[in-house]
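The numbered points below are meant to be read alongside it.

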Amino acid sequence: MYIVTILLGLALGGLALTASLVFRARLNRVVGSRETALSDEMVRQIEESGWVEVDEPLDYEEIQEEEARFWEEPWEEPDEW
């Protein structure tokens, strides 16, 4: 009886290990292909001057509209226990 329990435990452990390896490979494929938002040069510029220059200027109207939409969303009050 103990042998069956040990074999089932090993089988489940192997299944969990295989699943984690497959998940990690998929995650690396997706995340590894993306470029980072900040390059090393940008980080150095932030450290030296406190700001970084971006390629395209910010659209302040779009930012204000998005912020207004955010604050217009209804807020649910937390339940009292």
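1. Arg 44 forms a salt bridge with Glu 41, their closest N and O atoms being 3.6 Å apart, where a salt bridge is a side-chain nitrogen of Lys or Arg within 4 Å of a carboxyl oxygen of Asp or Glu. Both residues lie in helix H2 (residues 40-49), 3 residues apart, about one turn of the helix; helices are DSSP runs of H or I with at least four residues, numbered from the N terminus. Arg 44 counts as partly exposed because its relative accessibility is 43%, whereas Glu 41, at 52%, counts as exposed (buried means under 20% relative accessible area, exposed over 50%, partly exposed in between, with a 1.4 Å probe and protein chains only).

2. This is a predicted model, in which local features need pLDDT of at least 70 and side-chain atom pairs count only at pLDDT 80 or more, while totals for chains, interfaces and linings use all residues. Residues are numbered from 1 along each chain as its sequence is written, and side-chain values use heavy atoms, with hydrogens and water left out.

3. By the salt-bridge rule the count comes to 2. Arg 69 forms a salt bridge with Glu 66, with the closest N and O atoms 2.4 Å apart, and these residues are separated by about one helical turn because they are 3 residues apart in helix H3. Arg 69 is partly exposed, with a relative accessible area of 45%, and Glu 66 counts as partly exposed at 45% relative accessibility.

How values were computed. Helix = DSSP H or I, 4+ residues; strand = E, 2+ residues; numbered from the N terminus.
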